[in-house]
Amino acid sequence: MTALIKAEFRRLSATRMWLWALGAATLLGGGLVGLLTAVGPQNFDPPMPGIDTREGVRSILGMLGFTVFVPAALGTLAMTAEYRHRTATYTFLSAPRRWQVLTAKLVTYGAAGLVYGLVLAGTAAAGFFGPVAAQGITPGMPAADILALLARLAVAMGVYTLLGVAAGALIRNQIAALAVVVGYLYTGEVILMMIPGVNLLYPLLPGGATASLTGFTYLTDALADQLSSSPVSLLPPAGGGALLTGYALAAAAAAVLVPMRRDVY
């Protein structure tokens, strides 16, 4: 197993995927958060609470929850590349116990997703505290709470990478898998939130669990206001974390068990 994990890390480091991933994490973390903080949520259209309030800080950092499709897409690419480039046959011939191969991929890309999340969180912290200090603003949340929120987001990015690997193992066609993963995470859950009755399930979906971790209620409140309905109640942060953990375990099980008996083509 150790040899397979090392092989997966060598495979990952031999491509430019990890460079693109770190570049995306830096751009989305430091760039996006830095821009939003410099502009100030009170200047958005419509205006949001300022950075000197707890809601304002959460509104800025909670925006990172919309970028989870990036690590999910990276996990999907990692798995579907085996089938697209016809290397899955040789991989499974060299390691006939498929569950070991798939477990090695989960370990490797779960760790890579966590690194992505840590880079995202670190650059986001710099992008937030830099403009705040330059403008002489006292954030509405203690620094320790802000760093804890970013740490939860970093772990969430690792979970979404595992979800992407699972989607790639189940669907296998790279274009179809990416369309499903990115389409669902980027627009699917938003559409579900707009359907009366169905929107009550949002807190139990991956996006709802991520919003619970960050306390980001702007999207649910905005949709409720437009639809003249009651806002959806999110889970507490601990509940959101437990739910995401459950999704990660289910994704790992699916990624290992489903491809065990399927033909490779």
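Colleague: Which residues form a nonpolar patch on the surface?

Modeller: This is a predicted model, in which local features need pLDDT of at least 70, side-chain atom pairs count only at pLDDT 80 or more, and totals for chains, interfaces and linings use all residues. Residues are numbered from 1 along each chain as its sequence is written, and side-chain values use heavy atoms, without hydrogens and water. With about 410 Å² of accessible area together (Shrake-Rupley method, 1.4 Å probe), the patch consists of Ile191, Ile195, Val198, Leu201 and Leu204.

Colleague: Is Leu204 buried, partly exposed or exposed?

Modeller: Leu204 is found in the loop between helix 8 (174-193) and helix 9 (206-214), helices being DSSP runs of H or I with at least four residues. Buried means under 20% relative accessible area and exposed over 50%, with partly exposed in between (1.4 Å probe). Because its relative accessible area is 46%, Leu204 is partly exposed.

Colleague: Which residues form the aromatic pair, and what is its geometry?

Modeller: The structure holds one aromatic pair, where ring centres must lie within 6.5 Å; planes under 30 degrees apart count as stacked, over 60 as edge-to-face and the rest as tilted. Phe128 is buried at 0% relative accessibility, whereas Phe129 is partly exposed at 27%. With 5.4 Å centre to centre and 80° between the planes, Phe128 and Phe129 are edge-to-face.

Note on methods: Patch = residues over 30% accessible without salt bridge, like charges linked within 9 Å, V, L, I, M, F, W, Y side chains within 5 Å. Salt bridge = Lys/Arg side-chain N within 4 Å of Asp/Glu carboxyl O. Helix = DSSP H or I, 4+ residues; strand = E, 2+ residues; numbered from the N terminus. Phe/Tyr/Trp six-rings, centres within 6.5 Å; stacked < 30°, edge-to-face > 60°.
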